[in-house]
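Please open the model in a viewer and keep the selection panel at hand.

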Amino acid sequence: FEDTARALEDGRQIRVLRDVSRQREEVSWLRKLAQAAEQASEAIVITDLAANIEYVNQAAVTSSGYAREELIGRNSRILQSGLTPASRYRKLWASLTQGKPWRGFLNNRRKDGSHYIEFAVISPVRGPDGQVTHYLAVKEDITEKRRMGEDLERYRHHLDELVAQRTDEMEIA
């Protein structure tokens, strides 16, 4: 309980006891949600309806190379590399303006100019009245996964060539 006392002009006192347990539970829950978002391994970005960045977690800072202060307030275009086809952005915005989530790959640019590939899920966030108020992007940097996949494909191709070569040698022998 929260106990508040106030003196009246006539010298008497009013005391108000207020149950704040629900408020404390809500604050605790919000703190847990904030910690989860901040510590998530995927980049989390929240923007307004014009794609101006309002929140980024540490993973977004790490993957982009920008400081949090350099991203907050800027338009998300700051991350565009020019390598993502314009048609993909048209589809992204068509989905979001219809109130639907979008999933896909984005070729972005870090602060140092290097490129990285993200798989993004961008969803509309609705207020209590059902109106879209923000967008939530959860993005995974898949640059290394892609490179490993390409390396594995090259190695598989090399193995296929070796098998064919050995087969030819065995047939000749």
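This is a predicted model: local features need pLDDT of at least 70, side-chain atom pairs count only at pLDDT 80 or more; totals for chains, interfaces and linings use all residues.

Residues are numbered from 1 along each chain as its sequence is written, and side-chain values use heavy atoms, with hydrogens and water left out.

**Strand β7 and its partners**

Select β7 (residues 132–141). Helices (H or I, at least four residues) and strands (E, at least two) are DSSP runs, numbered from the N terminus. Two strands pair if DSSP finds at least two bridges between them. Ser123 has Leu136 in β7 as its bridge partner.

Now select the hairpin of β6 and β7, where five residues lie between the strands and Gly130 takes a positive phi near 90°. Leaving aside residues up to four places away in sequence, Gln131 touches Val125 and Arg126 (contact means heavy atoms within 4.5 Å). The C-alpha atom of Gln131 is separated by 9.0 Å from that of Gly99, 32 residues apart along the chain.

**Trp93 and Tyr135**

Rings of Phe, Tyr and Trp (its six-membered ring) pair if their centres lie within 6.5 Å; planes under 30 degrees apart count as stacked, over 60 as edge-to-face and the rest as tilted. By this rule there are two aromatic pairs. Select Trp93 and Tyr135: their ring centres are 5.6 Å apart and their planes stand at 80°, so the pair is edge-to-face. Trp93 belongs to helix α4 (residues 86–97) and Tyr135 to β7, 42 residues apart, so the pair links distant parts of the chain. Which of the two is buried? Tyr135 is, with a relative accessible area of 7%, whereas Trp93 is partly exposed at 31% (buried means under 20% relative accessible area, exposed over 50%, partly exposed in between, with a 1.4 Å probe and protein chains only).
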